[in-house]
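I want to look up a few contacts here and jot down what turns up.

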Amino acid sequence: MDWRMSPAGIVVDSSRALSLTASIRERVKRVASHRDGRAGAQVLAARLAGAALAYAAQVLAARYLGQEGFGIYALALVWLTLLGHLSVGGTNQALCRYVAEALATRDHAAVRGFVRFGILFALGAGTCIGLAAIGVVTLVPGLLDGIYVLPLAIAFLAVPLLAIQDNLEAIARAIGRPLLGIGPAYVVRQGAAVLIFGALALSPVLPSPGGALVGAVAALLAGIAVQALLLRAALRQAVPTGDRRYDIRLWLRTALPIALVDTTEMLLLNADVLVVGLFLPPEAVAVYFAATRIAQILEYVRYSASAATAQRFAALRATGRRAELHRLIAFVTLGTSAVALVGAICLSAAAPLLLALFGPGFGPAAWLVPILVSGMVVACLCGPGEDVLTMLGQERVCALSFARALVLNLVLLVLLVPAFGLAGAAAASAATMAGRSLLLAGYAYARLGIALPLGLSFRQAHD
């Protein structure tokens, strides 16, 4: 909220008026910072709860399937995650940006139009990509070992569902309800997965990766159903009924570079598992996947901060409040860095126990976790580069940064995995994440004059 004192409303001398105005503004800034911190803490709590439930679901799945079956299931799940998130075509970030800007300027017709367009785009693109992927794995002979075909086909059928959930989450973030986006997508979905896998483990049904994928898709449907009902009520409160206005050319022109960023980011997050699956047996995929699931708990720190603040970057810029923008960036960098450092230490110490719960043969991979989390700590220290570039109109530069990082990642993986196995995969991933974050921070300073890394961001915010 921007408090302004009307000269006609205060009968005091000019110096006292300026002092009173400054005092009110300072109080509002403290309230805004408190609101951002509270929202980020709530989102982080929801993501951590979801992570705990997801971990429990993965442990139950590993115990149910065994090491080889879990490796097959994990590879199919990675493909679902990859194609589902890619199917939104950048419209999730564009939704977050343009809906937040439209709400700030009270352009409700544009909000209504983009919400409708975003859901239909996710459904259509996800369906096309999922069906095309099913055609590839079922019609191309000899492409895959037969044990992978059915689990992958089930996963590909669920691609449009994951794409829709992505855009529902983006809408919730854009209207200032990040917890509504996170809660159903992670807590409800993963809670349902725990119940389903627990039931499978106790049932007389023979373990199979395909059956486990069906359970995962059912949990996804449960999360979408809850999220759609809650979000519909929230939209009715935030946006009055009326006509819709569509600016599809502008939205797609913005979304396509973001789609490239999302594509490269998803590949960066999952390419290591895919390359391990290419060179190593399912048992190795299972062990490495389990280690990455533990390490990626740390990703929730950055993600939670992004869910709570990314839309505010766009809104602050749209209303010309640059000083507040610098303070918010410094706040995000400090908060994520502190939590990430503590989290990395805790996860590294707990990794042997956490991996042992997956079953025999998983515990010895605990040494992978410190390597994986080191790249995430560096990423937090470098600041919210992706959000700043994307929300402030530099999505093309962001896309270029991610493309360069992806090339580096693939080269390192292909060179290191055959030579060093799982250690090579972990080292390649950590080095790429650190390099990408430094590149994003450099572009943010060169193009926008915004310092992102810890220390530099605080100096700029207080200049």
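This is a predicted model: local features need pLDDT of at least 70, side-chain atom pairs count only at pLDDT 80 or more; totals for chains, interfaces and linings use all residues.

I started with the face between two helices: Tyr288, Ala291, Thr292, Ile294 and Ala295 of H9 meet Leu368, Val369, Leu372, Val373 and Met376 of H12.

The axes of H9 (residues 282–295) and H12 (residues 368–381) come within 9 Å and cross at roughly 45°. The two helices are therefore oblique to each other. I also checked the hand, and H9 passes H12 in a right-handed crossing.

**Cores**

Tyr288 came up again when I turned to the largest nonpolar core. That core has 112 residues, and Tyr288 is among those touching the most other members, along with Phe70, Tyr73, Leu298 and Phe358. Helix H1 (residues 14–86) supplies the largest share, 18 residues. Another core lies apart from it, with 27 residues including Leu316, Leu325, Tyr443 and Leu448.

The list reads Gln58, Ala61, Leu65, Phe197, Pro209, Ala212, Leu213 and Ala216.

**Charges**

How many salt bridges does the structure hold? I got 1. Glu299 pairs with Arg302, with the closest N and O atoms 3.0 Å apart. Both sit in helix H10 (residues 299–318), and because they are 3 residues apart there, about one helical turn separates them. I looked up accessibility for both ends: Glu299 is buried at 13% relative accessible area, while Arg302 is partly exposed at 22%.

Terms used. Residues are numbered from 1 along each chain as its sequence is written. Side-chain values use heavy atoms; hydrogens and water are left out. A salt bridge is a side-chain nitrogen of Lys or Arg within 4 Å of a carboxyl oxygen of Asp or Glu. Helices (H or I, at least four residues) and strands (E, at least two) are DSSP runs, numbered from the N terminus. Buried means under 20% relative accessible area, exposed over 50%, partly exposed in between (1.4 Å probe, protein chains only). A nonpolar core is a set of buried Ala, Val, Leu, Ile, Met, Phe, Trp, Tyr and Cys residues joined through side-chain atoms within 4.5 Å. Contact means heavy atoms within 4.5 Å. Axes are lines fitted to C-alpha atoms, for helices over the stretch in contact, and angles run from 0 to 180 degrees between N-to-C directions. Angles under 35 degrees count as roughly parallel, over 145 as roughly antiparallel, 65 to 115 as roughly perpendicular and the rest as oblique. A crossing is left-handed if the near helix is turned anticlockwise from the far one by less than a right angle, and right-handed if clockwise. Lists of a residue's contacts leave out its neighbours within four places in sequence.
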